[in-house]
Amino acid sequence: MIRIIIGTLITFFSLCLFAQDTLNVTDNKGKRQGFWRKVDTAGKVIYEGRFRDGIPNGEFRYFYPDSKLKTVSKISARGRRAETVSYFPNGKKMAVGNYLDEKKDSIWQFFSETTGTVVSAETYQHGLINGLSQVFYPDGVLSELQHYKNGVKDGLWEQFYLDGKLKLRGAWQAGEKAGAFRTFYNSGQPMIVGQYSFGHQDGTWIYYDEKSAITKKEFYDMGRLELINK
């Protein structure tokens with residue numbers, strides 16, 4: 001008798017677990033409810049997660065075709081917000097950030113597939129880069145910073161040497177280089193000084209050696225080289 005009861009309980013719990021893990025359910029209104037798992041034609045899991053009244057809710061997991069974990073999203077605010085972590089096929093972290101209404105939002109960090117260190121960080125709004133973008137050397141030192149407006153380069157642009165010293169300073173306006181442009185030797189002495197206008201070299205450009213002596217002057221008219229003085 002005890003064996004029969006135990007066997008019945010095992011069967012019951014097995015069926016419950018099977019239903020929880022594999023059964024995709026819609027209610028009488030056609031809305032997804034509970035645990036869902038989508039598979040491809042080969043039977044490999046594409047994603048799995050839970051729905052509430054047809055809306056994703058809680059943790060969703062997405063997989064590569066070889067079944068390795070690709071992305072984990074924690075969904076809230078009735079499906080509007082998703083805190084997301086994505087992974088390379090080797091298991092290392094690839095990107096971390098948020099989605100709002102299925103578009104990238106706020107700060108996203110991107111990582112190296114080999115070292116696992118942060119290689120860049122970008123600020124998003126409505127799916128477009130909007131604000132500060134930073135690029136890093138492998139050891140985490142800032143390599144470059146750039147500002148964006150609605151997905152287009154607009155604002156201060158700087159690059160740095162590995163020791164943190166300024167290498168380049170310029171600016172972009174509406175996706176084109178604009179205004180004063182300077183590059184520097186690691187010593188801090190100027191290397192090139194000039195100006196951009198609507199994306200074109202314009203006016204006098206001066207080139208220096210490492211002792212600050214002028215080696216060459218060029219004059220441009222909206223990108224067209226007019227004169228060289230050596």
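**View 1. Arg80 and its salt bridge to Asp101.** Arg80 is partly exposed at a relative accessible area of 43%; buried means under 20%, exposed over 50% and partly exposed in between (1.4 Å probe, protein chains only). The model is predicted: local features need pLDDT of at least 70, side-chain atom pairs count only at pLDDT 80 or more, and totals for chains, interfaces and linings use all residues. Residues are numbered from 1 along each chain as its sequence is written, and side-chain values use heavy atoms, with hydrogens and water left out. The side chains of Arg80 and Asp101 meet at 2.8 Å, N to O. A salt bridge requires a side-chain nitrogen of Lys or Arg within 4 Å of a carboxyl oxygen of Asp or Glu. Arg80 sits in the loop between strand S5 (69-76) and strand S6 (81-87), and Asp101 in the loop between strand S7 (93-100) and strand S8 (103-111), so the pair ties together parts 21 residues apart in sequence. Strands are DSSP runs (E, at least two residues), numbered from the N terminus. Asp101 is partly exposed too, at 41%. By the salt-bridge rule the count comes to eight.

**View 2. The salt-bridge network of Asp221, Arg224 and Glu226.** Arg224 bridges to Asp221, with the closest N and O atoms 3.6 Å apart. Arg224 also bridges to Glu226, at 2.8 Å. Arg224 is exposed, with a relative accessible area of 52%. Asp221 is partly exposed at 36%, and Glu226 is partly exposed at 40%.

**View 3. A surface patch of positive charge.** Lys29, Lys31, Arg52 and Arg78 gather here. Patch residues have over 30% relative accessible area and no salt bridge, and like charges are joined within 9 Å. Lys31 lies in the loop between strand S1 (25-26) and strand S2 (32-39). Lys31 is partly exposed, at 39% relative accessibility.

**View 4. The hairpin of S9 and S10.** Strand S9 (residues 118-125) and strand S10 (residues 128-136) run antiparallel, joined by five bridges. Two strands pair if DSSP finds at least two bridges between them. Glu122 stands opposite Ser133 in S10. Two residues lie between the strands, and His126 takes a positive phi near 55°.

**View 5. The hairpin of S10 and S11.** S10 pairs with strand S11 (residues 142-149) over six bridges, in the antiparallel sense. Phe136 has Leu142 in S11 as its bridge partner. Five residues lie between the strands. Gly140 takes a positive phi near 95° in this hairpin.

Definitions and conventions
Patch = residues over 30% accessible without salt bridge, like charges linked within 9 Å, V, L, I, M, F, W, Y side chains within 5 Å. Areas by Shrake-Rupley, 256 points an atom, 1.4 Å probe, with all protein chains shown as cover. Lys, Arg positive; Asp, Glu negative; His and termini not counted. Charge placed at Lys NZ, Arg CZ, Asp CG, Glu CD. Helix = DSSP H or I, 4+ residues; strand = E, 2+ residues; numbered from the N terminus.
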